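Subject: Structure handover

Hello,

I am passing on the structure we talked about. Please look through it first; my notes follow below.

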Amino acid sequence: MAEEVKKIKVTIDNISIDVPMGTTILQAARMIGGDVVPPAMCYYTKLEGSGGKCRTCLVEVSKGSEADPRPMPKLVASCRTGVMDGMEVKNMTSPKVEDARNGVVEFLLLNHPLDCPICDQAGECHLQDLGYEHGKQGTRYEFKRRTFDKHDLGPYIQLHMTRCILCYRCVFTADQLTNKRVHGILSRGDHSEIATHIEKALDNDFIGNVIDVCPVGALTDKTFRFKNRVWFTKPVNAHRECKCCSGKVTLWQRGEEVLRVTARKDQWGEVEDWICNECRFKKKQSADWTIEGPTHVSRHSVISQGHYEGMKKPTETFSAVHEGRKPKLLMDIHSVSEVNDPSIDLSAIDGPATSATYNHSTKKS
Amino acid sequence: MASLTNRVKVLEQQPLSFMERLYLPAIFKGMAITFSHIFKKKATIRYPEEKRPFSPVFRGLQVLNRDEEGRENCTACGLCAVACPAEAITMEGAERQKNEEHLYREEKYAAKYEINMLRCIFCGLCEEACPKDAIYLSETFAPSNFTRKSFIYSKDELLIPHPINDKEGYDAARVSRVEKLKK
């Protein structure tokens, strides 16, 4: 057995924990859990080299270590700062951190288009959560928000550059999961943008994971585009036999339709197992999957509004009481309502629904 | 029987007097009260001809709004549906195509939008939730009807008339709202 890793003591918001040497402050805070965990927009445990870009995880180190108890002169990015023995960190107990974080959020939202009503990420967006906790009511920015020329990233991934916060997660994902990265950050400063050099499609086998990794709605699933709001779909854990990936996914269903497939995410919103493009984009039938049961959704999330988890359906007593007779349906909603028309299978369409989708089917029926 | 509290009052019924036994004076007294009401102000109005003014905070039938150019405001964001306590609102979104810019204000729009008026409780939470000023409650009732199906209101019933093509209809739908906002 390897020699025992030396444990060192770190105190975050007056809560002490012993962690192995080389742990970062953010990871130590995540070991404690709860409210002391700083938010992270760019850091991703499973991506090497990520972190240090968004500055939302800034914390105050009020005591450097047991050997050198001086506080660190400036706020530090907790995702890239290793802990020292006897270090004392202030996160939510420090007004300086609170103030700095508010400033960072204001900067992140400076050029953000705030098109959450349209954005497919709304409801599971980390920037939304961050803005909800630290954001201001209005903006102080007086100029025109920057816009970009649209780039097409192929048939599966939709890029909205105006929503991007340049966290580089997708770049690391492409570098570390796929054998060839074709997209990256072009230009510098205010003009930096995610793009492929001279219009290439992202079609590598694991490239779909950039959608899950994106903390905002910059990279979204084209096969799910505008089909439904995230919180109206039912998340269920499912798996299938897959040659190239673990096959463990979350299906986002509407009735029996599978509108979207994503990887399973842990409590920090990070992917548990990477999944391949075939599982993500091609398997949109519930028959393709073995369904395990509803995904656990935090009750603070709007996605939990469906209350699917732990739901018990009452047994239908009518036919038992009435000698097997079925209850008489007074009004079939589909005969009146045009919404959720059973003849339109949204999951079968590759892209977003358009006026043609609906007009065509009404002609057919 | 022992009383439960000390507040019991014992009523003593005395036999009726001669005048009371006649009954007629009491009848005439009652008739006089009834007759006097003819000259008083009426509490009712003749409804379809006469209408009472609505309160400025009245919440009636929903209207889907358009902007000045007649483009639909709704982007099918689903906030009204998630805010609705009666779960009366459903919708389906679609992507705006190249030649549809004059119809819809944003990239995404509500291809289908329905309110089940049998479920709606006119609480106005949809209006409050809407980030696009796309739905508001007007000062009209949902008209009564004999069938259930006629209460599923789709975009045909809910959309405000086009402000350029049907200016009169738009103004009529808009005027009460504008007055309300002025106050």
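Which domains does the domain assignment of chain A give? Chain A is assigned domain 1 (7-107), domain 2 (141-221) and domain 3 (227-340 + 347-365); the bounds come from an automatic or database domain assignment.

Before the details, some conventions. This is a predicted model, in which local features need pLDDT of at least 70 and side-chain atom pairs count only at pLDDT 80 or more, while totals for chains, interfaces and linings use all residues. Residues are numbered from 1 along each chain as its sequence is written, chains are lettered from A and ligands numbered from 1 in the order in which they are written, and side-chain values use heavy atoms, with hydrogens and water left out.

Domains 1 and 2 of chain A

The C-alpha centres of domain 1 and domain 2 of chain A are 28 Å apart. Eleven residues of domain 1 and twelve residues of domain 2 are in contact (heavy atoms within 4.5 Å). The two domains bury about 870 Å² between them, with carbon and sulfur atoms giving 63%; buried area is the accessible area (1.4 Å probe) that two parts lose on being put together, summed over both. On the side of domain 1, M41(A), L47(A) and K53(A) lose the most area, together 55% of what that side buries.

Between these domains there are zero salt bridges (a side-chain nitrogen of Lys or Arg within 4 Å of a carboxyl oxygen of Asp or Glu).

Chain B and chain A

Chain B has an average pLDDT of 89, and 95% of its residues score at least 70; pLDDT is the predictor's confidence in each residue, from 0 to 100. Confidence in chain B is lowest in helix α6 (residues 167-182), with a mean of 71, and highest in helix α2 (residues 24-36), at 95. Helices (H or I, at least four residues) and strands (E, at least two) are DSSP runs, numbered from the N terminus. Where pLDDT is low, the predicted coordinates should not be read in detail.

The contact between the chains takes 27 residues from chain B and 26 residues from chain A. About 2,300 Å² is buried between chain B and chain A, 62% of it on carbon and sulfur atoms. In chain B, E92(B), K108(B) and K112(B) lose the most area to chain A, together 25% of what that side buries.

Three salt bridges are found across this interface. E95(B) forms a salt bridge with R225(A), and their closest N and O atoms are 2.7 Å apart.

Regards
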